[in-house]
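Me: Please show me the structure. I would like to work through it step by step.

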Amino acid sequence: MPVRLRKFIGTILIICLVILYALLATTIAAATLATSPWWVHFLYFLLSGLIWILPAMLIIKWMAGPVRK
């Protein structure tokens, strides 16, 4: 697959990932954290703000292509 196409597909995938993940994380927070103390909100948003990086790293690694020796 050409590098430009791989990067285009990866970019679209990352945008979709971020949008869907933000909607999911916000929905979960609204449904479960309504009466929680501030530190629970802080921990939830800290963790959920970092977890999306894992699948994004996999997409970026795929976009970079195979390792050439």
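Questions and answers on the helices, the core and some contacts follow.

Reply: This is a predicted model, so local features need pLDDT of at least 70, side-chain atom pairs count only at pLDDT 80 or more, and totals for chains, interfaces and linings use all residues. Residues are numbered from 1 along each chain as its sequence is written, and side-chain values use heavy atoms, with hydrogens and water left out.

Me: How far does α1 reach from its first C-alpha to its last?
Reply: Helices are DSSP runs of H or I with at least four residues, numbered from the N terminus. The expected span is 1.5 Å times one less than the number of residues. With 30 residues, α1 has an expected span of 44 Å, and its reach is close to that: 42 Å.

Me: Which residues of α3 are buried?
Reply: Buried means under 20% relative accessible area, exposed over 50%, and partly exposed in between (1.4 Å probe, protein chains only). Helix α3 covers residues 53–64. Its buried residues are Ala-56, Ile-59 and Met-63.

Me: What does the cover of the buried residues of α3 include?
Reply: Contact means heavy atoms within 4.5 Å. Leaving aside neighbours within four places in sequence, Ile-59 is in contact with Gly-10, Leu-13, Ile-14 and Leu-17. The cover of the buried residues of α3 includes residues 3–32, helix α1.

Me: Which backbone oxygen does the side chain of Arg-6 reach?
Reply: Arg-6 sits in helix α1. Arg-6 is buried, with a relative accessible area of 15%. Not counting residues up to four places away in sequence, Arg-6 touches Met-1, Trp-62, Met-63, Gly-65 and Pro-66. At 3.1 Å, its side chain reaches the backbone oxygen of Trp-62.

Me: Is Ser-48 buried or exposed?
Reply: Ser-48 is found in helix α2. Not counting residues up to four places away in sequence, Ser-48 touches Tyr-21 and Ala-25. Its relative accessibility is 8%, so Ser-48 counts as buried.

Me: What is the angle between the planes of Tyr-44 and Phe-45?
Reply: Rings of Phe, Tyr and Trp (its six-membered ring) pair if their centres lie within 6.5 Å; planes under 30 degrees apart are stacked, over 60 edge-to-face, and the rest tilted. By this rule there is one aromatic pair. Tyr-44 and Phe-45 are edge-to-face, 5.2 Å centre to centre, and the angle between the planes is 80°.

Methods
Helix = DSSP H or I, 4+ residues; strand = E, 2+ residues; numbered from the N terminus. Polar contact = N/O pair within 3.5 Å; in protein donor to acceptor, adjacent residues only side chain to side chain.
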